[in-house]
Amino acid sequence: MAMEEKRAWIMVVVTVFGYAAYLIVVLRRAGSGPLVDVPYAAALVWTVGAAIVASIVLHIAAAAAAPRDAGRKDQRDREIGRFGEHIGQSFVVIGGVAALVMAMAELDHFWIANTVYLAFVLSSLLGSIAKIAAYRRGFQAW
């Protein structure tokens, strides 16, 4: 397995676990009350920070496990990386537009922040899954 594919798998796992942890914390805090009253900001910052640290540690571990492959990237890896990033960015745009509309509608900050966070999560997942699919099923450069 190419190092870049391992990195895509790491991003999928970290993204899923990080967002799941955030949802668990926020939903537990909400209890039976309204979600907009939940103090979400600290949980969001901590889960994003923890996901970044976990991603770095796992990338280092993957590089240490296969030191010969750690810095190698060929043309195919670069094209697959670009392909995945372009696909993933669509959700950043969708989330940005959704957050803009929500702000203009003067919705609560909770919903705007969570929409942006969900857009980043979906962007990471979609981009990483596209990369994995390109490695597994082949990739046709255009």
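**Nonpolar cores and a helix pair**

Trainee: Which residues touch the most other members of the largest nonpolar core?
Mentor: Such a core is a set of buried Ala, Val, Leu, Ile, Met, Phe, Trp, Tyr and Cys residues joined through side-chain atoms within 4.5 Å. This is a predicted model, in which local features need pLDDT of at least 70 and side-chain atom pairs 80 or more, while totals for chains, interfaces and linings use all residues. Residues are numbered from 1 along each chain, and side-chain values use heavy atoms, without hydrogens or water. Of the 15 residues in the core, those touching the most other members are Tyr 19, Tyr 22, Val 26, Tyr 40, Leu 44, Tyr 117 and Val 121.

Trainee: Which element gives the largest share of this core?
Mentor: Helices are DSSP runs (H or I, at least four residues), numbered from the N terminus. Two or more residues each come from α1 (3-30), α2 (41-65) and α4. The largest share, 6 residues, comes from α1.

Trainee: Is Ala 65 buried or exposed?
Mentor: Ala 65 is found in helix α2. Buried means under 20% relative accessible area, exposed over 50%, and partly exposed in between (1.4 Å probe, protein chains only). With a relative accessible area of 67%, Ala 65 is therefore exposed.

Trainee: How are α3 and α4 oriented to each other?
Mentor: The axes of α3 (residues 75-104) and α4 (residues 109-137), lines fitted to C-alpha atoms over the stretch in contact, come within 8 Å and cross at roughly 160°. Angles run from 0 to 180 degrees between N-to-C directions; under 35 counts as roughly parallel, over 145 as roughly antiparallel, 65 to 115 as roughly perpendicular and the rest as oblique. The two helices α3 and α4 are therefore roughly antiparallel.
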